Amino acid sequence: MRRPSPTGRPTGGRPPRPRAEQTEQLGFEGMPERLFVCTPSKLGAYADCPRRYRYSYVDRPAPPKGPPWAHNSLGASVHTALKNWYALAPDRRRPEVLGTLLKGTWVREGYRDDEQERDAFRRALSWLESYVAGLDPADEPVGVERVVAVKTAVLAFNGRTDRIDSRPGPDGRPELVIVDYKTGRTGLDGDDARGSQALALYAYAAERVFRRPCRRVELHHLPTGTVAAHEHTPESLQRQLTRAEDTARDIMAAERAVADGADPDEAFPTEPGPRCGWCDYRRTCPAGARTPAKDPWAAVERPAEPATDQD
């Protein structure tokens, strides 16, 4: 048994390290910088407007957001209904179940009134019925709402894909395909698929997670029933990855500048433009506040019918 010393501390055992030694252990010179943890939406927020990124991810507490957007509610409802459709057994994946699925996932926020909400529900159900009519219920995706993640020298990336399919590649061997659902009013084309950084990063990550080629990315636009697709190459995926890493470096440099005392408004400048009217932080941002606000339901409003002459 150890006897207490006159100071009250036990004698024997390893003595405490000198304070100088403890201080030296706090330094890690030569260690690599921390990875930038990100999702596609985090990178996209900075690319769209550094000020919006700051409000979302840097300022604490974050500024209050504006009211919810009806188009976000509509998109979330449709996405979740499709996820739940695939969660059913193949023999239960029938068009007639979609009404129940959509009703169970319906998000009501942001609409102008009950009439607009009912109209949006009917349209969404019509999109879903048309879409699943072109699907084989027996086809099992590799992943539905599947998170894929990858680390590079700069990024710790993770993102949730709407769907990952497996299809025969040019040589007949199975390859992965990234599928992203879209419910916006505007149709999409191959340039949208080619230029989507999010889709490219999903493909890059999925190829490494599943150890199978993943080069094709698709945007499935449910309102028009069209598919916009692009076939990436290893080089084009690398270009998108490099672009994402460059964005991450810019973000980390801006965050370090603020931590060192720089003016946050200068480190994270705003980029005024039409999209300011749709920004969650328009009322907080001086530049955004000068832009006319969009109504929360504006993106789901049906276009006015053209006037006709009456006999």
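Residues are termed buried when their relative accessible area is under 20%, exposed when it is over 50%, and partly exposed in between (1.4 Å probe, protein chains only). The structure is a predicted model, in which local features need pLDDT of at least 70 and side-chain atom pairs count only at pLDDT 80 or more, while totals for chains, interfaces and linings use all residues. Residues are numbered from 1 along each chain as its sequence is written, and side-chain values use heavy atoms, with hydrogens and water left out.

The predictor's confidence in each residue is given as pLDDT, from 0 to 100. The protein has an average pLDDT of 89, and 87% of the residues score at least 70. Over residues 1–27 the pLDDT is below 50, and this stretch has eleven contacts (heavy atoms within 4.5 Å) beyond near neighbours in sequence. For residues 304–311 the pLDDT also stays under 50, and the model has zero contacts there beyond four places in sequence. Where pLDDT is low, predicted coordinates should not be read in detail.

Eleven aromatic pairs are present in the structure. Rings of Phe, Tyr and Trp (its six-membered ring) pair if their centres lie within 6.5 Å; planes under 30 degrees apart count as stacked, over 60 as edge-to-face and the rest as tilted. Tryptophan 106 and tyrosine 111 form a stacked pair, because their ring centres are 5.9 Å apart and their planes meet at 10°. Both tryptophan 106 and tyrosine 111 are buried.

A tilted pair is formed by phenylalanine 157 and tyrosine 202, with 6.3 Å centre to centre and 55° between the planes. This pair links distant parts of the chain, 45 residues apart: phenylalanine 157 belongs to strand β3 (residues 155–168) and tyrosine 202 to helix α8 (residues 197–210). Helices (H or I, at least four residues) and strands (E, at least two) are DSSP runs, numbered from the N terminus. Phenylalanine 157 is buried at 3% relative accessibility, and tyrosine 202 is buried at 9%.

One aromatic cluster is made up of Tyr46, Tyr53, Tyr57 and Phe268.

Glutamine 116, in helix α6 (residues 114–133), is buried, with a relative accessible area of 4%. Leaving aside neighbours within four places in sequence, glutamine 116 is in contact with Tyr111, Trp297, Val300 and Glu301.
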